[in-house]
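The paragraphs below follow the fold of one protein from its overall contacts to its sheet, its core and its charged pairs. Please keep the sequence and the coordinates in view while reading.

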Amino acid sequence: TIPEVNSVRNDLVAGGLPLCQALACVPEALRDIELGSERISAIIRNVTSLARTDGPEFEDDVNVNEIVQSAVTILRHRISRTTANFEQVLIPSVPIFRGNRQKIEQVVINLMVNAMEAIQEKNSMIKIATAYDDNHNEVRITVEDHGTGMDEETLRYCNEMFYTTKAKKGGSGLGLSISSIFIREHGGRLVIESTKGKGCRVTVDLPVERLRVAEGTR
């Protein structure tokens, strides 16, 4: 049982912090651990699914606005700690199509986590947006950051399985590669544009017609 913060002696220390301050951080730390565990479980499930030969299931009504909102909710604590300049721009209505909601949501989470890991200053911008291209009948998700960006070599290999520049920080090198696979399964494209020191822009285009358009829009 976690004791009441106000009842803790001021002279006690835990993890290099006054115990009362450490206890105040416990609920958020536990939430972060839970989210991390969920992400690890999802990555394991996703890697396992790559070995299956029965193909992806497209049984969900997919609304990219709802997926973005869900991903932002899941990551809200990390976003608030990382940047004071977060922007979410969703088009008023978006075509709904049949696909795999969990896989597309995992792509959005992966891209947002990458963006947060790329920025080094609290006022650096992260933006996520949705759009619809009527000419090509495609929905678009864009994740943009004003972080460290990638050099040409990193940009060339970043979609390869297990390639990572963050090995010392626990990077697995699976986020972008799995995301690319999931988007290709949906017949879409994942395009990365980046310049070293100037940030990164990742665009995901998903063809609505190819994915069996569901009735109506939301």
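Among the contacts in this protein that join residues at least 6 apart in sequence, 70% link residues at least 24 apart. The model is a predicted one, and it contains 6 helices and 10 strands. Of its 218 residues, 39% count as buried, while the protein exposes about 12,500 Å², of which carbon and sulfur atoms supply 50%.

Five strands form an open sheet in the order β4-β6-β7-β9-β8, and their pairing is mixed. Because β4 (85–89) and β8 stand at the edges with a single partner strand each, one side of each is left without a neighbour in the sheet. From one strand to the next, the twist averages 10°.

Helix α2 lies across β4, β6, β7 and β9, and runs at about 165° to β6. Helix α4 lies across β4, β6, β7, β8 and β9, running at about 20° to β7.

What do these elements contribute to the interior? In soluble globular proteins, nonpolar side chains tend to be buried together. Here the largest nonpolar core has 39 residues, and those with the most contacts inside it are Phe97, Met112, Ile128, Ile141, Val204 and Leu206. The elements that give two or more residues to this core are the helices α2 (64–74), α4 (101–118) and α6 (175–185), together with the strands β6 (125–133), β7 (138–145), β8 (189–195) and β9 (199–207). Helix α4 gives the most, with 9 residues.

Side chains of opposite charge can pair when their charged atoms come close, and a search of the whole structure finds 11 salt bridges. In one of them, the side chains of Glu66 and Arg101 meet with an N to O distance of 3.8 Å. Since Glu66 lies in helix α2 and Arg101 in helix α4, this pair ties together parts that are 35 residues apart in sequence. Glu66 is partly exposed, with a relative accessible area of 32%, and Arg101 likewise counts as partly exposed, at 26% relative accessibility.

A salt bridge also joins Glu185 and Lys103, whose closest N and O atoms are 3.0 Å apart. Glu185 lies in helix α6 and Lys103 in helix α4, so this pair ties together parts that are 82 residues apart in sequence. Glu185 counts as partly exposed at 26% relative accessibility, whereas Lys103 is buried because its relative accessible area is 8%, under the 20% limit.

The side chains of Arg201 and Glu193 also meet in a salt bridge, at 3.9 Å from N to O. Both ends fall in the partly exposed class, as Arg201 has a relative accessible area of 31% and Glu193 has 44% relative accessibility. Finally, Glu138, Arg140, Arg189 and Asp205 are linked in a network of salt bridges.

Note on methods: Residues are numbered from 1 along each chain as its sequence is written. This is a predicted model: local features need pLDDT of at least 70, side-chain atom pairs count only at pLDDT 80 or more; totals for chains, interfaces and linings use all residues. Side-chain values use heavy atoms; hydrogens and water are left out. A nonpolar core is a set of buried Ala, Val, Leu, Ile, Met, Phe, Trp, Tyr and Cys residues joined through side-chain atoms within 4.5 Å. Buried means under 20% relative accessible area, exposed over 50%, partly exposed in between (1.4 Å probe, protein chains only). Helices (H or I, at least four residues) and strands (E, at least two) are DSSP runs, numbered from the N terminus. Contact means heavy atoms within 4.5 Å. Accessible areas come from the Shrake-Rupley method with a 1.4 Å probe; for residues, only the protein chains shown count as cover. Two strands pair if DSSP finds at least two bridges between them. Axes are lines fitted to C-alpha atoms, for helices over the stretch in contact, and angles run from 0 to 180 degrees between N-to-C directions. A salt bridge is a side-chain nitrogen of Lys or Arg within 4 Å of a carboxyl oxygen of Asp or Glu.
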